[in-house]
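Biologist: I would like to learn how to read a protein model the way you do. Shall we go through it feature by feature?

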Amino acid sequence: RHLKARFAYGWDWCVRLVPLGIWDRISLKATRPVRLRRCLPLARYDAARALGSLAFRLDVEAPEAMGAQCQVVLSDGERVVHEATLPCALASGRSETVLPVSEDLDVARWWPNGLGEQTLFTCSLSLQGLDGEVFDTWQGRIGFKEVCWLPCEGAPANAEPWICQVNGERVFLQGVNWSPVRMTYGSVTRRMLEQRLRLYADAGMNVLRVWGGAFLAKSDFYDLCDKLGLLVWQEFPLSSSGCENLPPHDPAVLDELRQIAESYVWRRAGHACHLIWSGGNELTRTDERQTPVDETDPAVATMAGVVARLDPGKRFVASSPSGPSFSYEPAQSGQRLHHDVHGPWTIEGTLEEWKAYWDGHDALLVSEVGVPSCSPLAMLRHYAGGHDLWPPSMDNPLWQLRQPWWILWDRFAQGHGFDSRREEVERFVAVTQQEQAEALAYMVATCKRRFPRCGGVILWMGHDCYPCPSNTSVVDYDGRPKPALGALAQVYR
């Protein structure tokens, strides 16, 4: 019943730390009686015609019904690509309208990372009276791309299409789940965002899933993803809590959720990098199999309706995972029950058994999967807080933060000859990081070889927001890559 950033209340990779107060930029704006409350550019591209189209969705407030006009200027650097003055009618009070600008724009395309240039245009809109008096203005950066979703090869008829085609080119989606950079997310700077995003782009990634247990990614994040060619899968703020994964159905909460979803779409849908909307993370029915919800769920239907109205043509999926199964079950391989799945997050058994598991995998998309390793030794020492690093076991309170799932002592002690009485923390860290690198690289390569039977794989998780001694991240709390990121880069590229 309370739509808050879920992760702040504790998860297996962070402590409970709930920020209070204003966490994003704040401004005071003086306006005229006629004002442009919100402006959403809708830039599209038709690959068959090699032409772009542009329209605007406007949210306007006026004291009375009146005639008006909008001046639109689209430029590429210092060159004006398109300029037009278009009539529009304003209703009394607050109203929305769609302003078609042009369907025949000769513009360069925006491409995902690794496929081409990320061409961006500066676009400005001026809302004016019929006499030319300027009421309000908007300016932003836009890009033109065409996105189509195709069925995976051999997929059942009831499966969501998971082959992403951008500007006529099929793309294997490869990236990480984007979680907050810090627990105190108000302290996150553009520089911190850019440092991590560049790591992912340089490694060859092309997609980031902004996870539903957090919040709407900041405008700086979206601006940087526009620039770097990183497609964004943005989830609305619903997430499993480990005890109740069914979305809220209370009418008052659904109304609040609708308002939040509308705000998300107005603020971010116009970015070139934006790819897909999702209802949230691991939203399931109450059955024993944890079957993912679909659009018959009232909360999901509410969010889907907002997207259909405000961002037509953009894809919406009910949840991640989606389809008839939450995760891949080897016993059900070949039965076409694995669509978008989550897990696993640890290696059960030997590394060879892990490889055999992925050799038999048949999911159409893997939107969450991970393998844990220790954080780098220098970071462990820096944040140990006076605790001994050895042994890295359940007997050591330092390693119990956050969950015993990521304590790797039992897995490695016997097979690698570690002894709690003989400190070898440097070698222990190296062994865990080597396994993570090998396991993740093999898994991604296996999924990528199945393309177009598999549309992509998104790792859980990218970076730590808390100095975890051990976790599934491939970038540590201080923004330094683990060896796994280098191994993955070879596969991604």
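Predicted model: local features only at pLDDT ≥ 70, side-chain atom pairs only at ≥ 80, totals over all residues.

Biologist: Are Cys88 and Cys123 buried or exposed?

Modeller: We go by relative accessible area: buried means under 20%, exposed over 50%, and partly exposed in between, using a 1.4 Å probe and protein chains only. Cys88 is buried at 11%, and Cys123 is buried at 0%.

Biologist: How do I read a nonpolar core, and which residues touch the most other members of the largest one?

Modeller: A nonpolar core is a set of buried Ala, Val, Leu, Ile, Met, Phe, Trp, Tyr and Cys residues joined through side-chain atoms within 4.5 Å. The largest core here has 70 residues, and Phe221 and Met443 touch the most other members. For contacts in general, the rule is heavy atoms within 4.5 Å. Setting aside neighbours within four places in sequence, Met443 is in contact with Trp354, Trp358, Val369, Val457 and Leu459. A second, separate core of 29 residues includes Cys39, Phe56, Leu86 and Cys88.

Biologist: Where does Leu127 sit, and what does it touch?

Modeller: Helices (H or I, at least four residues) and strands (E, at least two) are DSSP runs, numbered from the N terminus. Leu127 belongs to strand S8, residues 121-129, and is buried at 0% relative accessibility. Not counting residues up to four places away in sequence, its contacts include Val34, Leu36, Cys70, Cys88 and Phe135. Leu127 and Gln71 are 56 residues apart in sequence, yet their C-alpha atoms are 6.7 Å apart in space.

Biologist: What should I look for in the backbone angles, for instance at Pro391 and Gln290?

Modeller: Look at omega and phi. The peptide bond from Trp390 to Pro391 is cis, with omega near 0°, and Pro391 is in the loop between helix H6 (377-382) and helix H7 (409-412). Phe451 and Pro452 are also joined by a cis peptide bond, with omega about 15°. Gln290 is a residue other than glycine with a positive phi, near 50°, and is partly exposed at 33%. Arg336, not a glycine, has a positive phi of about 60° and is partly exposed at 47%.

Biologist: How many cavities are there, and what lines the largest?

Modeller: Rolling a probe the size of a water molecule over the atoms shows where empty space is left. On a 1 Å grid over the protein atoms alone, a cavity is a set of points where a 1.4 Å probe fits but cannot get out; a pocket is an open set with protein on both sides within 12 Å along at least five of seven lines; lining residues have an atom within 4 Å of a point. Points are joined across faces, edges and corners, and a volume is the space filled by probe spheres set on them. There are two cavities of 30 Å³ or more. The largest has a volume of about 140 Å³ and is lined by 14 residues, with Trp178, Pro180, Leu193, Phe215 and Ala217 nearest its centre.

Biologist: And which residues lie nearest the centre of the largest pocket?

Modeller: They are Trp138, Ser219, Trp266, Arg267 and Arg268, from a lining of 26 residues. The volume of the largest pocket is about 920 Å³. S9 gives the largest share of that lining, six residues. The second largest pocket has a volume of about 730 Å³, and the residues nearest its centre are Trp11, Asp12, Trp345, Trp405 and Trp406.

Conventions. Residues numbered from 1 in each chain as written. Heavy atoms only, no water.
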